[in-house]
Amino acid sequence: MKPRGHHVNTKTVAVIGLGYIGLPTAAILASNGVRVIGVDVSDRHVDAVNRGEVPFVEPDLATHVAGGVSQGMLSAQKDTPHANTYIVAVPTPFKDGYAADLSYIDAATDAIIPQLRGGELIILESTSPPGATQHLADRVLAARPDLSLDGSGERPVVHFAHCPERVLPGRVMIELVTNDRIIGGLTVEAAERARDLYEVFCDAELHLTDATTAEMAKLTENSFRDVNIAFANELSVIADKLGIDVFELIELSNKHPRVNILQPGPGVGGHCIAVDPWFIVSAVPDEARLIRTAREVNDHKPEVVLAKVKERADRFKEPVIAALGLAFKPDIDDLRESPALGITKQLAERHPDAHILAVEPNIDELPGVLVGQAHVSLESTEDAIKRADIVVLLVDHREFKHLDRSLLAEKAVIDTRGVWR
Ligand code: SAJ
């Protein structure tokens, strides 16, 4: 293990936003001997953390939070305190027209502003459009003309950096330690001070750059994946027209040493890959043509699946349709931006005479958007398949991969993930 950097500027860290990224970051810092104060607007999150509990599920997070709280290194509160370093990890959703909504960042910044004395480091971790770190700094310096970016006019300095997270939900506590990070400073000193902090828990490389490059790097990583998945989704539509199997086509093409195509599916979900590319598109709409088209291709894929189901369903008077999977990706219970959930909702709306049997092994209750419709119910995998005329596989959960295939005989099967080939 390389030596851990313990520097003066890491004395107290305030992490603003105790969500999927902020809380793991707060907890891993506390586990490594940094005094951390977590700040959140939600009583539920604050109270849970102060009891040493975790308000959402993430492997190993609970151990770090419980340990940090019992050692007195981690606590949570609603007010923003004075700290040597602030890490802002609040949501950045998009508004109408797909421009990024910076209101949570602005609110966090406004709460930090009165606490500043000079010498602090403010790190923006939230996924942000290009220019957001500069925007944050401008907001601080407009409110506090007694401070400066670089010590000019002998005013005390405040340092600003962007350090986007790159961790995969489900592996957050591992990837916080093992993933390389990109750290973009508004000044070189800001980047170096942020590096000193991340070195405390990160064993991988820390790459220093400017803030806009760091903002774009995060968006670029997720856009790269979105464009590659869009390519696979477009191929799936082309393969259908040509009467060939897209999964075989991609498998064979990937035998080339320099080709690596991702997998098609019913669309792209989650709160990252389906969102972040829009931040690039809205910043440079005329230039980001391929990135925009990829988003459109992926967002259109649920309609392609719905058309396939309709073609089969039209052959029955009262079709029984099993929709397998509601989550946005395999083996999790996360339904955010899930194309599978959207497709199941549309099946219910467009086929009022059908019976829709929703299957999601990772949840126990029908999600709110599907409740209150008599022809929709949550069923076990086997029951749903046995009763169904049409089986639509939407998520490659392990329960579906290991299914007894004889159950599928005589059914109309639409396998959007290619798991039953
Ligand atoms: N998907 C496909 N085909 C594929 C791979 C994925 O259709 O071949 C779909 C999934 O089913 C899902 C969506 O894409 O609906 C996104 O899933 P994912 O597992 O690719 O990614 P996320 O959204 O869980 O996490 C991503 C990661 N980014 C990259 O891999 C570049 C993660 O490292 C980021 O930290 C995270 O976004 C984030 O927070 O931005």
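## Two helices at an angle

Angles under 35 degrees count as roughly parallel, over 145 as roughly antiparallel, 65 to 115 as roughly perpendicular, and the rest as oblique. Now take this predicted model: helix H1 (residues 22–31) packs against helix H3 (residues 61–70) at about 55 degrees, and their axes are 8 Å apart. H1 and H3 are therefore oblique to each other. The crossing of H1 past H3 is left-handed.

## Salt bridges across the chain

There are 22 salt bridges in the structure. One of them pairs the side chains of Arg166 and Glu221, at 2.5 Å from N to O. Arg166 sits in the loop between strand E6 (159–162) and helix H6 (172–178), while Glu221 belongs to helix H8, so this pair ties together parts that are 55 residues apart in sequence. Arg166 is partly exposed, with a relative accessible area of 28%, and Glu221 is partly exposed at 28% too.

Arg421 and Glu251 also meet through their side chains, at 3.4 Å from N to O. Since Arg421 lies in the segment after strand E13 (412–415) and Glu251 in helix H9, the pair links parts 170 residues apart in sequence. Then there's Glu303 with Arg350, whose closest N and O atoms are 2.8 Å apart.

## A nonpolar patch

Over on the surface, Ile238, Leu242 and Ile244 make up a nonpolar patch, with about 280 Å² of accessible area together. Ile244 is in the loop between helix H8 (211–242) and helix H9 (246–253). With a relative accessible area of 42%, Ile244 is partly exposed.

Methods. Residues are numbered from 1 along each chain as its sequence is written. This is a predicted model: local features need pLDDT of at least 70, side-chain atom pairs count only at pLDDT 80 or more; totals for chains, interfaces and linings use all residues. Side-chain values use heavy atoms; hydrogens and water are left out. Patches are made of residues with over 30% relative accessible area and no salt bridge: like charges are joined within 9 Å, nonpolar side chains (Val, Leu, Ile, Met, Phe, Trp, Tyr) within 5 Å. Accessible areas come from the Shrake-Rupley method with a 1.4 Å probe; for residues, only the protein chains shown count as cover. A salt bridge is a side-chain nitrogen of Lys or Arg within 4 Å of a carboxyl oxygen of Asp or Glu. Helices (H or I, at least four residues) and strands (E, at least two) are DSSP runs, numbered from the N terminus. Buried means under 20% relative accessible area, exposed over 50%, partly exposed in between (1.4 Å probe, protein chains only). Axes are lines fitted to C-alpha atoms, for helices over the stretch in contact, and angles run from 0 to 180 degrees between N-to-C directions. A crossing is left-handed if the near helix is turned anticlockwise from the far one by less than a right angle, and right-handed if clockwise.
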